[in-house]
Amino acid sequence: MAILKRKVYFRLFLVSGAIFTLYCFAWLKAKEESGIHVITNYPLMTEKPWNENQTETNISRLWQRQEEIEETLQKNLNHTLVTAVHLLVNQPLAEQRLSEQNFHNKHKIFVHRINALPKYRDFFDYVNDRLQNRFVVMMNMDIYLGEGFEMINKTFLVKSKISYILTRHGRQEKRCNMGGKLGYCGVSYFGSHDTYIFVLTQPLDESVLAELDYDMNVLGAENKLIWVLRNKMKRRLLNPCEYLRTYHNHCVDIHGSVRPRINKSGYKGGGVAPSGLYE
């Protein structure tokens with residue numbers, strides 16, 4: 001009788017364990033689907049091609065800019081709502097440096113190799129292939145998430161075909177105070193955007209991807225992307241930057257020095273003025 005009881009208890013233990021495992025798996029899957037998937041890029045600023053055509057070539061200054069980018073990455077990894085940070089990398093040495101860095105929450109990093117300086121198409125190809133039906137936040141490499149993102153309703157974004165196109169904020173950073181700058185949310189607005197929030201439920205056609213096949217750092221890049229989102233992807237665009245706060249970390253004043261203009265006639269998407277979450 002005692003042996004029979006032990007067998008019954010053991011079977012109950014196995015069944016309970018299986019149920020618990022399935023529950024954990026379902027919980028992790030739900031967390032992955034509802035959590036934020038940040039997608040950005042990661043360069044090594046001291047090496048080609050990133051050290052070419054910059055406003056400064058001083059190695060010490062380029063390393064300072066590198067540290068700034070890595071501080072920004074760490075802030076995104078630390079954000080409690082971020083499930084994963086997907087990094088587009090086009091330099092073997094940058095990939096090696098990433099592997100050597102002791103980032104907290106490093107398990108959130110997913111590296112994707114590309115062959116040249118990043119284009120918007122690279123980002124949307126990646127989302128097309130790997131992040132459909134995920135809550136995607138695409139941003140520049142010196143932008144990090146702040147407050148308010150718990151307010152986003154993923155179901156509302158999908159049903160209403162809305163994308164958020166955010167204008168950044170500034171605040172005290174390690175090397176300077178980024179607050180109060182022209183063009184920042186809550187200060188003034190003249191069409192600056194560097195964070196794009198969307199859920200892609202259907203694969204994008206080649207005709208849409210072809211429109212995104214241009215470098216990110218050219219003048220008018222944001223305007224053309226807004227044009228594609230609005231006219232090709234048929235998204236309603238809102239800019240609730242007062243509610244969803246992102247921060248710009250760019251104290252080391254190094255910029256690309258060669259920036260041709262992309263948003264010529266036919267591609268002037270205009271800006272998206274600050275708004276609410278739903279209108």
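**Entry 1: a left-handed link.** I began with the bond between Cys 176 and Cys 251, where the angle about the S-S bond is -80°, making this link left-handed. I kept in mind that I am looking at a predicted model. The two sulfur atoms of this disulfide sit 2.1 Å apart. A reminder to myself: a disulfide is a covalent bond between the sulfur atoms of two cysteines.

**Entry 2: where its ends lie.** I then traced the chain and found Cys 176 in the loop between strand S6 (162-166) and strand S7 (195-198). Cys 251 belongs to the segment after strand S9 (246-248). The pair links distant parts of the chain, 75 residues apart.

**Entry 3: buried or partly exposed?** I checked each end of this link in turn. Cys 176 has 22% relative accessibility, so I noted it as partly exposed. Cys 251 comes to 18%, and because buried means under 20%, I wrote it down as buried.

**Entry 4: the second link.** Which cysteine is joined to Cys 185? I found that its disulfide partner is Cys 241, with an S to S distance of 2.1 Å. The torsion about this S-S bond is about 80°, so I marked the disulfide as right-handed. Cys 185 lies in the loop between S6 and S7, while Cys 241 lies in the loop between strand S8 (236-238) and S9, so the pair ties together parts 56 residues apart in sequence. Both Cys 185 and Cys 241 are buried.

**Entry 5: the tally.** How many disulfides did I count? The count comes to two. Numbering the bonded cysteines along the chain, I get the pattern 1-4, 2-3.

Terms used. Residues numbered from 1 in each chain as written. Predicted model: local features only at pLDDT ≥ 70, side-chain atom pairs only at ≥ 80, totals over all residues. Heavy atoms only, no water. Disulfide = S-S within 2.5 Å. Helix = DSSP H or I, 4+ residues; strand = E, 2+ residues; numbered from the N terminus. Buried < 20%, exposed > 50% of the residue type's maximum accessible area, 1.4 Å probe, protein only.
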